Amino acid sequence: MADYGKDQPPPYAQGGYPPQQYPQQQYPPQQYPPQQYPAQQYPPQQYPAQGYPAQQVVVVQQQPRGPSPQTNAVLAWIACLCFFWPLGLVAVLKANEADRCIGRGDFDGARQNGDAARKWAIASIITQVVLGVVVGIIYAIYVVAVLNAVSY
């Protein structure tokens with residue numbers, strides 16, 4: 001096998017097959033016959049006159065009930081991220097549902113879900129504080145027990 005090096009490709013043999021030549025093909029010129037459609041005459045349409053009774057149009061709009069209720073989303077997110085997260089997550093879901101209710105125009109449902117979000121967020125904060133106090137007391141008892149064991 002010959003060594004051609006990295007910079008040069010191997011030489012290619014020229015020729016081998018004769019160039020192919022195809023005969024010139026002559027197509028007859030294509031012309032389509034002119035299309036002439038006869039004008040169609042339609043009989044005149046005689047529709048009976050239709051009388052519509054006068055209808056009264058009633059437009060119903062919901063009257064705004066003041067400002068939209070609070071969703072308590074900020075409190076719910078703070079409770080979820082900084083305090084007891086399982087209860088805080090429920091608060092976030094309730095706040096999200098309150099926001100959806102506002103989008104639908106259901107202000108009563110939004111008020112109920114917003115209040116529920118606030119209650120769940122407060123429960124999350126209280127649970128975290130109680131757990132913190134309990135863990136602190138247990139830790140203090142453990143430290144006192146260890147210090148008493150070391151001093152003897």
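**Helical packing and surface features of the predicted chain**

Of the 152 residues in the chain, 14% are buried (under 20% relative accessible area; exposed denotes over 50% and partly exposed the range in between, with a 1.4 Å probe and protein chains only). The model is predicted, and local features therefore require pLDDT of at least 70 and side-chain atom pairs pLDDT 80 or more, whereas totals for chains, interfaces and linings use all residues. Residues are numbered from 1 along each chain as its sequence is written, and side-chain values use heavy atoms, with hydrogens and water left out.

The chain contains three helices and zero strands, in the order α-α-α from the N terminus. Helices (H or I, at least four residues) and strands (E, at least two) are DSSP runs, numbered from the N terminus. Among contacts (heavy atoms within 4.5 Å) with a separation of 6 or more, 63% are between residues 24 or more positions apart. The chain exposes about 14300 Å², of which carbon and sulfur atoms supply 60%; accessible areas were computed by the Shrake-Rupley method with a 1.4 Å probe, and for residues only the protein chains shown count as cover.

Helix H1 spans residues 73–82, and its buried residues are Ala76, Ala79 and Cys80. These residues lie on the same side of H1, because they cover an arc of only 95 degrees around the axis, the arc being that of the directions from the helix axis to the C-beta atoms. Val74, Leu81 and Cys82 are exposed on the other side of H1. The packing partners of the buried H1 residues are helix H2 (85–104) and helix H3 (107–151).

In soluble globular proteins, nonpolar side chains tend to be buried together. Here, a nonpolar core is a set of buried Ala, Val, Leu, Ile, Met, Phe, Trp, Tyr and Cys residues joined through side-chain atoms within 4.5 Å. The largest such core consists of eight residues, namely Ala76, Ala79, Cys80, Ala91, Val92, Ala95, Ala117 and Ala121. H1, H2 and H3 are the elements that give two or more residues to this core. With neighbours within four places in sequence left aside, Ala121 contacts Leu75, Ala76, Ala79 and Ala91.

The segment before H1 includes Thr71 and Asn72. Thr71 is buried, its relative accessible area being 18%. Apart from residues up to four places away in sequence, Thr71 touches Ala95, Ala98, Asp99, Ile102, Gly114 and Ala117. Asn72 also counts as buried, at 14% relative accessibility. The phi angle of Asn72 is near 60 degrees, a positive value in a residue other than glycine.

Arg111, located in H3, has a relative accessible area of 36% and is partly exposed. The C-alpha atom of Arg111 is separated by 9.9 Å from that of Ala95, and the two residues are 16 residues apart along the chain. Val134 is also placed in H3 and counts as partly exposed at 39% relative accessibility. Together with Ile122, Ile126, Val130 and Ile138, Val134 makes a nonpolar surface patch of about 430 Å². Patches are made of residues with over 30% relative accessible area and no salt bridge, with like charges joined within 9 Å and nonpolar side chains (Val, Leu, Ile, Met, Phe, Trp, Tyr) within 5 Å; a salt bridge is a side-chain nitrogen of Lys or Arg within 4 Å of a carboxyl oxygen of Asp or Glu.
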